[in-house]
Amino acid sequence: MTLPRQRIAILGGGPGGYEAALVAAQLGADVTVVDSDGLGGACVLTDCVPSKSLIETSNAMTLLNRSDRLGIATGGLATVNAARLYERIIDLAQAQSRDIAARIAAEDIKVITAHGRIAGPGIVAAGDQEIRADAILIATGAMPRVLPGAEPDGERILNWRQLYDLTELPRDLIVVGSGVTGAEFAGAYQALGSRVTLVSSRDRVLPQEDEDAADLIEDVFRRRGMTVLGLSRARTVSRDGDTVTVTLADGRMVTGTHCLMTVGMVPRTEGCGLDTAGVKLDKHGFIEVDRVSRTSVPGVYAAGDCTGVRMLASVAAMQGRIAMWHTLGESVHPIRLGHVAATIFTDPEIATVGVSQRAVDAGEVAARTQKLPLATNPRAKMADVQDGFVKLFTSPGTGIVLGGVIVAPRASELILAVSMAVEERLTAEQLAQTFAVYPSLSGSVTEAARKLMEFTPDSP
Ligand SMILES: Cc1cc2nc3c(=O)[nH]c(=O)nc-3n(C[C@H](O)[C@H](O)[C@H](O)COP(=O)(O)OP(=O)(O)OC[C@H]3O[C@@H](n4cnc5c(N)ncnc54)[C@H](O)[C@@H]3O)c2cc1C
């Protein structure tokens, strides 16, 4: 039987959208991507790629400025050329977007640059064009949340997408919000040379993350001179000339030269025709999806940040691919959110996968835990790395690796071994018997696994 070629319309060209388009094209579908702001999406143009590029520079600064400890004599503190830094970041993001456009073009995927919306069952309107589709994927992403009374002006009160328009390094930067984005930027700007105050409404930074890791990062931040204000909810942010003032709920005021607002994201679904199409949203406006990315409307799928499911590029891409495999009749595994590896790109980085300490402490998961400080790792000593640890969780009895937390330089690379163990249900013993290079930071992963090996005593 030969079925007619399936037509796929995708709203949004970020990782949720373009990765889906590549899979659909590979499976022979006729694919159209409608994107308003540039392929790669906010991920490539304003969020993930620019922030990680900035962090690469801040990591280099950290290394340079403590090089005397490694026996290198420099002529004092290194400083940043902000104009060059931002220019590099913007160039890099645009080059990445062009690479994606070339990949998409090579697969004969049509791209329409326009704001798109669902205009009826199986119909997408994009500018003055109308696309007929057998399946529609919505991957329109999310936008920075604006706190009423703290609206960005793009010059002194900023969201993270406006940082790269600055021409100089903020001298006194106040970061409002101590979640992942706030912590990453606070750490990066401090390393680059800004004086940083981090305003956190909670009692610690990174309140959603592993408590040991969050405590370590907060301690590193403070030791490096950052002012961290815990239990301090920002009420308003105002500007007077070159000075910004953050007024806290208890009346205290914090002043600086710039304020960066990192208080979350809201879905970008307005004007997409979701209400008339009958696509169900949750109470925060995110599109409700199941584990194969189906929305409440048959033939309409959604992926990425607009669904509010873990807001990561890797998750967006996987949701998009799963949607295409599903609609085009391929075998498909529902998304396994418990297996997502994620990293917070502070210095040191925090990488996690699988079960969390919180779930273990709450008794939701039975697990044995082993935490090893990096300070005793020979490679860490050679590199003068003092802060960090490896933590593994295994299932009692079977020894199966359930998850882990790595706090280390390039933890984002080290976590792969733990991630594979979780995915493949390897045991602590199998991980322990795997060769790690000597000396290496990953030696701490195998050592932690060794300590979790379970031996049955010989019977007498
Ligand atoms: C500062 C920051 C750093 C981050 N760092 C990381 C990281 O290190 N690792 C990681 O995995 N994730 C990271 N993320 C998260 C990651 O950027 C997002 O999860 C990812 O961008 C989601 O992809 P998406 O395709 O859903 O949306 P987006 O990347 O936002 O793309 C959506 C696209 O849809 C377009 N669009 C919107 N509405 C319409 C419409 N109606 N018609 C046509 N086009 C439309 C937009 O213009 C955009 O191009 C970071 C996020 C932030 C804020």
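**Entry 1: cis peptides**

I started at P348, which sits in the loop between β19 (342-344) and β20 (349-354); helices (H or I, at least four residues) and strands (E, at least two) are DSSP runs, numbered from the N terminus. The bond joining D347 and P348 is a cis peptide, with omega about 0 degrees. I noted a cis peptide bond between Y438 and P439 too, with omega about -10 degrees. P439 belongs to the loop between α12 and α13. For context, most peptide bonds are trans.

A note on ground rules: this is a predicted model, where local features need pLDDT of at least 70, side-chain atom pairs count only at pLDDT 80 or more, and totals for chains, interfaces and linings use all residues. Residues are numbered from 1 along each chain as its sequence is written, and side-chain values use heavy atoms, with hydrogens and water left out.

**Entry 2: positive phi**

Most residues other than glycine have a negative phi, and I looked up two exceptions. L231 has a positive phi of about 45 degrees and lies in the loop between β12 (227-229) and β13 (234-240). R425 has a positive phi of about 55 degrees and is in the loop between α11 and α12. Are L231 and R425 buried or exposed? L231 is exposed at 60% relative accessible area, and R425 is exposed at 57%; buried means under 20%, exposed over 50%, partly exposed in between (1.4 Å probe, protein chains only).

I moved on to S293, in the loop between α7 (274-277) and β18 (300-302). S293 is buried, with a relative accessible area of 1%. A polar atom of its side chain lies 2.8 Å from the backbone oxygen of Q319. Leaving aside neighbours within four places in sequence, S293 is in contact (heavy atoms within 4.5 Å) with Y301, A302, Q319, I322 and A323.

D99, by comparison, is in helix α4 and counts as partly exposed at 49% relative accessibility.

**Entry 3: nonpolar cores**

A nonpolar core here is a set of buried Ala, Val, Leu, Ile, Met, Phe, Trp, Tyr and Cys residues joined through side-chain atoms within 4.5 Å. The largest has 43 residues, and L54, Y86 and F185 are among those with the most contacts inside it. Elements that each supply at least two residues of this core include α3 (48-65), α4 (82-106) and α5 (180-192). A second, separate core of 26 residues includes A408, L414, L431 and M453. L54 touches L85, Y86, I89, F185, A188, Y189 and L192, not counting residues up to four places away.

In helix α13 (residues 443-451), I found G443, S444, V445, T446, A448 and A449 buried. The buried residues of α13 pack against β21 (368-373), β22, β23, α11 (411-423) and α12 (428-432).

Terms used. Polar contact = N/O pair within 3.5 Å; in protein donor to acceptor, adjacent residues only side chain to side chain.
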